[in-house]
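Please keep the sequence and the coordinates at hand while reading.

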Amino acid sequence: MENKWEYDYSGLYQNGYTPAPPTGSGPSGQMPGEGGIPDAPVGGGEPPRKKRSTGKRVLAGVLALVLVAAVSFGGGYAGYLVASKNGGQAVIFQSAATGSPTSSTGSSTGSLADVASAVSPSVVVVTTEQLVTSNYFWGGQQVLSGAGSGVILTTDGYIVTNNHVVEGAQQVTVTLADDSTYTATVVGTDAESDIALLKIEATGLTPAVLGDSDNVQVGEVVIAVGNPMGTLGGTVTDGIVSALNRDISVEGNEMTLMQTSAAISPGNSGGGLFNTNGELIGIVNAKYSDEDAEGLGFAIPINDAKAVVQDLLENGYVTGRPAFGITVITVSDVQTAMQYGVSSLGVYVNSVDAGSGAEAAGMKAGDRIVSIGTQLVETTDDVTNALKGYNVGDVVEVQVDRGRELMTLQVTLGEKTGA
């Protein structure tokens with residue numbers, strides 16, 4: 001059976017607007033155009049505002065994040081999480097009553113209606129605005145709006161959501177359950193885990209109580225709270241935990257996720273998956289997209305999210321992740337190859353960071369990456385996934401094609417400091 005995992009609903013509200021062809025944004029989020037790979041021409045003009053259409057992108061063999069560009073917030077019971085300084089270290093995950101993480105027992109302390117009522121104030125709507133440039137549509141720029149979900153972590157405004165909800169956004173707005181709105185600051189993002197941390201200037205919020213996703217059992221009843229379709233904030237759906245530790249490829253990014261039968265729709269991304277104790281056990285981020293498939297939603301286990309959020313809070317990025325110190329683009333068709341003036345399809349180095357291991361090894365913009373270690377490279381996702389087998393400081397053999405000459409470079413990996 002052909003897998004169809006939906007990931008990016010960033011085009012959900014475009015209403016007929018066709019974006020420009022891919023410009024080759026690499027893992028670092030930078031755009032191509034340096035080192036002999038020219039940018040396509042861009043136009044000027046005033047950016048008209050348009051909503052995203054209900055179109056969705058489906059990729060075979062990859063998991064689709066239920067992003068939509070909207071964010072909802074998860075809710076919790078009486079306990080709360082605090083962001084404080086403890087011996088010089090920021091602490092964001094604690095129980096108000098005991099000072100220790102809460103645990104997931106799977107036993108019900110009330111009806112689903114009681115749980116939904118308790119957790120819903122902890123789930124928020126996240127809306128975004130992103131300025132995009134089109135080479136073919138009026139030759140100008142447009143502001144695309146999107147929406148998703150998020151979960152309040154602290155009484156003073158820290159919120160967890162998905163990286164793909166806020167990725168590329170110039171403005172992020174949070175709407176609480178009482179319809180009050182706040183401009184959010186993006187504290188940090190991590191594409192590999194698909195986690196982002198936001199902050200709003202507010203007090204007296206209702207944070208979610210964290211459960212223990214390591215203790216979750218298949219068959220437990222759960223509810224998902226989010227903002228499906230970007231317009232239905234506070235929606236509650238129920239189901240069970242269908243499976244644990246599902247190894248899924250989400251647009252080329254390998255993730256280990258929790259599977260649920262609770263209805264998940266575009267816009268639920270970043271929202272909460274709660275057990276019947278009202279404890280947050282997962283951050284919703286993906287669904288299977290096929291008209292013949294139902295009840296295949298996925299969430300990031302909360303225990304996996306904790307360490308990432310803590311790192312984002314303290315450092316603004318996840319520490320210990322290896323990086324070459326380059327930006328790359330994928331040239332996957334003849335039209336794109338002509339656009340960038342290259343003769344072969346593949347992954348090209350767009351820029352090389354000064355002082356990086358790639359620069360020290362002699363890598364140059366315009367090089368086509370053929371392999372990393374023993375892994376052949378065909379897409380930028382291949383580059384990202386190849387690095388997961390290495391640590392900062394490791395020396396990696398990279399084969400590149402430079403002007404039809406194959407070269408082998410020994411690259412010492414540095415630390416990745418961004419999403």
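## Terms and basis

A residue is buried if its relative accessible area is under 20%, exposed if over 50%, and partly exposed in between, using a 1.4 Å probe and protein chains only. Helices (H or I, at least four residues) and strands (E, at least two) are DSSP runs, numbered from the N terminus.

The model is predicted: local features need pLDDT of at least 70, side-chain atom pairs count only at pLDDT 80 or more, and totals for chains, interfaces and linings use all residues. Residues are numbered from 1 along each chain as its sequence is written, and side-chain values use heavy atoms, with hydrogens and water left out.

## Overall composition

The protein chain has six helices and 27 strands. Of its 419 residues, 52% count as buried.

Contact means heavy atoms within 4.5 Å. Among contacts in the protein chain with a separation of 6 or more, 72% come from residues 24 or more positions apart.

## Helix α1

Helix α1 spans residues 112–119, and its buried residues are Val115, Ala116, Ala118 and Val119. These residues lie on the same side of α1 because they cover an arc of only 165 degrees around the axis; the arc is that of the directions from the helix axis to the C-beta atoms. The exposed residues Ala113 and Ser117 are carried by the face turned away from the buried side of α1.

What do the buried residues of α1 pack against? Their partners are β7 (123–133), β14 (221–226), β15 (235–250) and β17.

## Nonpolar cores

A nonpolar core is a set of buried Ala, Val, Leu, Ile, Met, Phe, Trp, Tyr and Cys residues joined through side-chain atoms within 4.5 Å. The largest such core has 31 residues, and Ile195, Phe274 and Leu280 touch the most other members. Helix α3 (residues 302–315) gives the most to this core, with six residues. A second, separate core holds 20 residues, including Val349, Ile369, Val400 and Leu409.

When residues up to four places away in sequence are not counted, the contacts of Ile195 include Val160, Asn163, Thr189, Ile300, Ala305, Val308, Val309 and Leu312.

## Loop residues

Ala262 is placed in the loop between β16 (253–260) and β17 (272–275). With a relative accessibility of 2%, Ala262 counts as buried. Leaving out residues up to four places away in sequence, Ala262 touches Ala224, Thr237, Asp238 and Gly239. The C-alpha atoms of Ala262 and Val221 are 9.1 Å apart in space, and the two residues are 41 apart in sequence.

Two residues other than glycine have a positive phi: Asp179, near 75 degrees, and Asp194, near 60 degrees. Asp179 is found in the loop between β10 (171–175) and β11 (181–190), whereas Asp194 lies in the loop between β11 and β12 (195–199). Are these residues buried or exposed? Asp179 is exposed, with a relative accessible area of 62%, while Asp194 counts as buried at 1% relative accessibility.

## Aromatic rings

The charged end of Lys199 sits over the ring of Tyr158, 5.4 Å from its centre. This assignment requires NZ of Lys or CZ of Arg to be within 6 Å of the ring centre and within 35 degrees of the ring normal.
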